[in-house]
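Hi,

Here is the structure I promised to pass on. Have a look at it first, and then read on for what turned up.

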Amino acid sequence: MATIKLNYKIEDKAILQGLRRLERAGGNMRTAFMDIGESMLLSTEDRFNNQVDPDGRPWVELADSTRKRKRHTKILSERLILRGSIEYIPSATQLEWGTRLQDYSRIHQFGGMAGRGRLVKIPARPYLGISAADRDLIIRKLEEHYRRALNG
């Protein structure tokens, strides 16, 4: 976590008030983190819809044997288990974003061996992450947060 500490001695009342608003805004980032969390949920949902990783690369296609068992061809969407579990938790000092389905999510994010009885290689299909567009959006949201604080 980044920490910014301001030490200042200013006589101008308007500047002093503006700096105090910025200091308070930096101490409680919950509103900004809520905005960013909502944006990251939408971005992750777009990845599921478009079947791509955070860098825009297509996910590995389903194996023929898997495709035959499924009702439709959307990857990681058959029962909406993983897709429906993505959430965010904002606080004054941090934003947690991801899923509580640790083992299930890990195997799909990073790939590996899984299965009941017979192990099968699951390819990595990253869905969590920050794309270049996400990064730009996060920076804009942080700038907006501080701009609102500065303007009172």
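Are F48 and W59 buried or exposed? F48 is buried, and W59 is buried too, where buried is under 20% relative accessible area, exposed is over 50% and partly exposed is in between (1.4 Å probe, protein chains only).

Some housekeeping before the rest. This is a predicted model, where local features need pLDDT of at least 70 and side-chain atom pairs count only at pLDDT 80 or more, while totals for chains, interfaces and linings use all residues. Residues are numbered from 1 along each chain as its sequence is written, and side-chain values use heavy atoms, with hydrogens and water left out.

**Confidence**

pLDDT is the predictor's confidence in each residue, from 0 to 100. The protein chain averages 86, and 89% of the residues score at least 70. Helix α1 (residues 13–27) has the lowest confidence, with a mean of 73, and α2 has the highest, at 95. Helices here are DSSP runs of H or I with at least four residues, strands are runs of E with at least two, and both are numbered from the N terminus. Over residues 1–6 the pLDDT is below 50, and beyond near neighbours in sequence this stretch has 3 contacts in the model; a contact means heavy atoms within 4.5 Å. Where pLDDT is low, the predicted coordinates should not be read in detail.

**The aromatic rings**

Back to F48. The structure holds 2 aromatic pairs. Rings of Phe, Tyr and Trp (its six-membered ring) pair if their centres lie within 6.5 Å; planes under 30 degrees apart count as stacked, over 60 as edge-to-face and the rest as tilted. F48 and W59 make an edge-to-face pair, at 5.6 Å centre to centre and with 85° between the planes. This pair links distant parts of the chain, with F48 in helix α2 and W59 in the loop between α2 and α3, 11 residues apart.

Why is the pair of F48 and Y127 tilted? The ring centres are 5.5 Å apart and the planes are at 35°, so this pair counts as tilted. Y127 lies in the loop between β4 and α5 (132–151) and F48 in helix α2, so the pair ties together parts that are 79 residues apart in sequence. F48 and Y127 are both buried. Ring pairs link F48, W59 and Y127 into a cluster.

R125 is in the loop between β4 and α5, and is buried, with a relative accessible area of 6%. Leaving out residues up to four places away in sequence, R125 touches W59, V60, E61, L62, I75, L76, H108 and Q109. R125 and H108 are 17 residues apart in sequence but 5.5 Å apart in space, C-alpha to C-alpha.

In helix α4 (residues 102–110), the buried residues include H108 and Q109, along with S105 and I107. The buried residues of α4 pack against β3 (112–114) and β4 (120–122). After α4 comes G111, with a positive phi near 80°.

Most residues other than glycine have a negative phi. Q51 is not a glycine, yet has a positive phi of about 60°. Q51 is found in the loop between α2 (30–50) and α3 (64–69), and counts as buried at 14% relative accessibility. L80, also not a glycine, has a positive phi of about 60°. L80 is in the loop between α3 and β1 (87–90), and is partly exposed, with a relative accessible area of 49%.

**The largest pocket**

A pocket is worked out on a 1 Å grid over the protein atoms alone, as an open set of points where a 1.4 Å probe fits, with protein on both sides within 12 Å along at least five of seven lines; lining residues have an atom within 4 Å of a point. The largest pocket has a volume of about 1100 Å³, which is the space filled by probe spheres set on the points, with grid points joined across faces, edges and corners. Its lining has 26 residues, and T66, R69, Y104, H108 and I122 lie nearest the centre. The elements giving two or more residues to this lining are α3, α4 and β4. By class, the lining has 12 nonpolar, 5 polar and 9 charged residues; Ala, Val, Leu, Ile, Met, Phe, Trp, Tyr, Cys and Pro count as nonpolar, Asp, Glu, Lys and Arg as charged, and the others, Gly among them, as polar.

Cheers
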